[in-house]
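Here is a briefing on one structure, with its fold and its ligand site taken in turn. Please look over the sequence and the coordinates first.

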Amino acid sequence: MATLDLDTSVVENAYARWAPIYDAVCGPVMLKGRRAAAAAARAIGGKILEVGVGTGLSFDDYDTTTDITGIDLSAPMLDKARAKMASGRYPWVQSVQQMDAHAMSFDDATFDCVVAQFVITLVENPEQVLSECHRVVKPGGRIILVNHLYSETGLAAAVERWAAVKTRAMGLRPEFPFARLQAWSQSNSESILVERRKLAPFGIYTLVTFERAAALAA
Ligand SMILES: C[S@@+](CC[C@H](N)C(=O)[O-])C[C@H]1O[C@@H](n2cnc3c(N)ncnc32)[C@H](O)[C@@H]1O
């Protein structure tokens with residue numbers, strides 16, 4: 001099915017409202033998905049970019065084997081992330097910056113891994129954001145996404161289609177299908193889909209990993 005568009009101003013307004021309550025509401029609900037994505041990123045290690053880092057809930061999931069940079073569109077969400085950094089508990093977090101994932105200011109091939117937790121379904125142009133993630137990750141590096149993806153069949157799919165209209169102003173897109181991520185990867189000759197895994201306990205969240213093909217030796 002077609003997904004309804006979200007524009008960037010809707011997302012910014014929505015997250016200005018979410019920021020004060022985000023950790024309390026979304027912390028526990030999304031914990032397993034967030035942890036699974038961070039674990040996959042830690043397995044790669046090195047320089048990790050968190051796209052849509054939000055309030056920095058994932059900071060706890062990394063350690064000194066990693067070097068974390070975060071970006072987010074929302075200043076109120078980043079204020080919360082900076083407060084966490086100021087506690088001194090997260091020396092592996094290098095910086096968080098206000099930046100639109102559609103047009104990042106990083107050089108090509110800067111990061112070993114790019115992680116986007118609960119972000120790709122709510123950006124205005126997911127394909128453009130994926131292409132930016134692909135650009136800034138090194139050849140051989142990975143893009144790791146975790147999200148709820150559209151159920152596609154049955155009662156859950158019907159509920160998600162109904163919820164799509166109701167939740168648009170909250171910056172949510174519950175009817176976003178895996179097929180759209182796959183189509184982006186198939187259209188990019190340097191992108192390899194390496195994993196699509198539903199996460200326990202109920203398979204509500206899916207972890208999707210793309211690899212940027214390593215450059216061929218001359
Ligand atoms: C659901 S929250 C997820 C936050 C965090 N990743 C987590 O797991 O708690 C989505 C975040 O993506 C950010 N975001 C949405 N569109 C963005 C964009 N175009 N560029 C950068 N960040 C964006 C929002 O501001 C928000 O902080």
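**Sheet, helices and ligand site**

Helix α5 (residues 126-136) lies across β1, β4, β5, β6 and β7, and runs at about 145° to β5. Axes are lines fitted to C-alpha atoms, for helices over the stretch in contact, with angles from 0 to 180 degrees between N-to-C directions. Helices (H or I, at least four residues) and strands (E, at least two) are DSSP runs, numbered from the N terminus. This is a predicted model: local features need pLDDT of at least 70, side-chain atom pairs count only at pLDDT 80 or more, and totals for chains, interfaces and linings use all residues. Residues are numbered from 1 along each chain as its sequence is written, and side-chain values use heavy atoms, leaving out hydrogens and water.

**Sheet**

- The open sheet has 7 strands in the order β3-β2-β1-β4-β5-β7-β6, with mixed pairing (two strands pair if DSSP finds at least two bridges between them).
- Its edge strands, β3 (93-98) and β6 (191-198), each pair on one side only.
- From one strand to the next, the twist averages 15°.
- β6 and β7 (residues 205-212) run antiparallel, joined by 7 bridges.
- I192 has E211 in β7 as its bridge partner.
- Helix α3 (residues 31-44) packs on the sheet and touches β1, β2, β4, β5 and β7 (contact means heavy atoms within 4.5 Å).
- The direction of α3 makes about 175° with that of β4.

**Ligand site**

- The ligand is surrounded by 20 residues (one heavy atom within 4 Å); the closest are Y22, G52, D72, D100 and A101.
- A polar side-chain atom of Y22 lies 2.8 Å from a ligand oxygen atom.
- A polar backbone atom of G52 is 2.7 Å from a ligand nitrogen atom.

Key:
A polar contact is a pair of N or O atoms within 3.5 Å; within protein, one must be able to donate a hydrogen and the other to accept it, and residues adjacent in sequence count only if both atoms are side-chain atoms.
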